[in-house]
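Dear colleague,

Please find below the structure that I am handing over to you. A short account of its contents follows directly after it.

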Amino acid sequence: MPRSQVTNYLRPSSPEEALTLLRDGGKSARYVAGGADVARTLPSDVTTLIDLCAMNLSSIEERPDGIVIGATATLSEVLENGSVAGVCDGVIVDMMRKVGSPLLRNIATIGGTLASAHSWSDVIPLFLVLNAQVTFYNGEYRTLSLADAYAAREELADSIITSVTIPTSTAGDYAAFQKFSRTAYDIALLNCAAYLHIDDGRCSEVRIAAGGTPRLGERLPQAEGVLRGEALNTDTIERAARVARDTTKTADDRRASGEYRKDLVYAGVKRCLEGIAGKVEA
Ligand SMILES: Cc1cc2nc3c(=O)[nH]c(=O)nc-3n(C[C@H](O)[C@H](O)[C@H](O)COP(=O)(O)OP(=O)(O)OC[C@H]3O[C@@H](n4cnc5c(N)ncnc54)[C@H](O)[C@@H]3O)c2cc1C
C-alpha cells in the first residue's frame with residue numbers, strides 16, 4: 001500500500017463508531033484489522049483506514065453456547081487457546097498450523113480472515129463443518145451461521161464481524177481437515193473438512209466441505225447424504241469420497257486444473273474420513 005495514499009487512520013472504540021466512520025467515508029474508507037490483505041490490495045481510491053483493533057474484541061471465551069472468538073483475535077491467539085484446542089480433538093489447531101506462516105498468523109485476525117472470504121481459505125471449510133456462528137454489527141447485532149452470512153454477503157457489505165462462535169464438542173463429535181498445497185507455506189490448491197457425530201456406531205450428523213475448488217468453501221451435500229445414518233467403514237468412506245469427487249463443481253485456474261481438483265476432493269474427503277475412523281477406533 002503506498003503510504004502517501006492513506007491520509008486518515010482512525011481507531012474507533014466501538015462497532016457503532018466504526019460503522020458511522022465507514023458510512024461517512026463512503027468508497028474512500030475501508031476497515032482494517034491485521035492488514036495482511038489490506039496492505040497488499042488496497043484500491044487506489046481508499047484514503048481512510050478504520051482500524052478495528054482498538055475495540056476490545058480480541059478475547060476468546062468459553063460460554064454455554066460455545067467458544068466465542070473475538071473478531072480481532074489473531075490466528076496465533078486462536079491456535080494457542082486451550083478452549084479452542086478442545087474442539088474435536090484439536091482440529092482447529094491442526095488447521096491453523098497450516099495457515100501461512102507464524103509471521104502471518106501473528107498479524108492476521110479471525111474477523112479479517114472470515115471477512116476477506118478467500119476461496120482458498122483454510123479456515124472457512126473447517127468453520128462451515130463445525131457449524132460456526134458469526135456475529136456482526138450493521139446497525140444492529142445479528143448472529144448467522146457462516147454459510148448464511150456468506151449467502152447474504154452483498155446485504156452485509158459494510159457489517160463489522162464482532163465474533164465467531166464455535167460449538168463446544170461433546171462425546172461422539174469428530175472432525176478432520178486436509179490441505180493440499182505446493183509448499184507448506186503456500187495457499188491451498190484445494191482443502192477439505194469433515195465433521196461427524198457418531199451415535200451407536202452410526203453417523204447421525206454429517207457435514208463435509210471443500211474450498212479452493214476454486215470457489216469459496218462450501219458444503220458437499222451429496223457426499224454427506226452417503227454417510228448420514230450409516231456406519232463409518234471402508235465401504236461408506238470410499239462411496240462418500242467418490243460421490244464428493246463426482247458432484248463437486250471444480251474448475252481450472254492458474255494454480256490447478258479442474259480435473260486435478262476432482263482427484264484432490266476425492267483424496268481429501270477420503271483422508272478426512274479415514275482420519276476420523278482411526279480416532280473412533282482408538
Ligand atoms: C502471505 C500470505 C499467506 C497467506 N496464507 C494463507 C493460508 O495458507 N491459508 C489461509 O487460509 N489464508 C492465508 N492467507 C490469508 C490470510 O489469512 C488473510 O489474508 C488474513 O487472514 C486477513 O486477515 P487480516 O486481519 O489481516 O485482514 P485485513 O487485511 O485487515 O482485512 C481483510 C479484509 O477484511 C475486512 N475486515 C477486516 N476485519 C473485519 C471485521 N472484523 N469485520 C468486517 N470486515 C473486516 C477489511 O476491510 C478487508 O477488506 C495468507 C495471506 C498472506 C498475505
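Predicted model: local features only at pLDDT ≥ 70, side-chain atom pairs only at ≥ 80, totals over all residues.

Residues are numbered from 1 along each chain as its sequence is written.

Domains. The protein is divided into domain 1 (3-54), domain 2 (60-166) and domain 3 (173-281); the bounds come from an automatic or database domain assignment. The centres of domain 2 and domain 3, taken over C-alpha atoms, are separated by 20 Å. Their contact draws 21 residues from domain 2 and 26 residues from domain 3, two residues being in contact if their C-beta atoms, placed from the backbone, lie within 7 Å. On the side of domain 2 that touches domain 3, at least two residues each come from helix H5 (91-96), helix H8 (123-129) and helix H9 (146-151). H8 gives the most to that side, with 5 residues. Helices (H or I, at least four residues) and strands (E, at least two) are DSSP runs, numbered from the N terminus. By class, this side of domain 2 has 13 nonpolar, 4 polar and 4 charged residues. Here Ala, Val, Leu, Ile, Met, Phe, Trp, Tyr, Cys and Pro count as nonpolar, Asp, Glu, Lys and Arg as charged, and the others, Gly among them, as polar.

Ligand shell. Domain 1 (3-54) and domain 2 (60-166) both give residues to the shell around the ligand, so the ligand shell lies between them. Of its 29 residues, Gly34, Ala36, Gly100, Gly111 and Gly112 come nearest; a residue is near if its C-beta atom, placed from the backbone, lies within 6 Å of the molecule. Strand S2 (29-32), helix H6 (102-107), helix H7 (110-116) and strand S8 (160-166) supply at least two residues each, and H7 gives the most, with 5 residues. The shell comprises 16 nonpolar, 10 polar and 3 charged residues.

Sheet. An open, antiparallel sheet is formed by 5 strands in the order S4-S5-S8-S6-S7, where strands pair if DSSP finds at least two bridges between them. Strand S4 (60-63) and strand S7 (141-145) are the edge strands, each pairing on one side only. Strand S6 (residues 133-137) is joined to S7 by 5 bridges, and Tyr137 has Tyr141 in S7 as its bridge partner. Helix H1 (residues 15-25) packs on the sheet, where it touches S6 and S8, and its direction makes about 135° with that of S8. Axes are lines fitted to C-alpha atoms, for helices over the stretch in contact, and angles run from 0 to 180 degrees between N-to-C directions.

Yours sincerely
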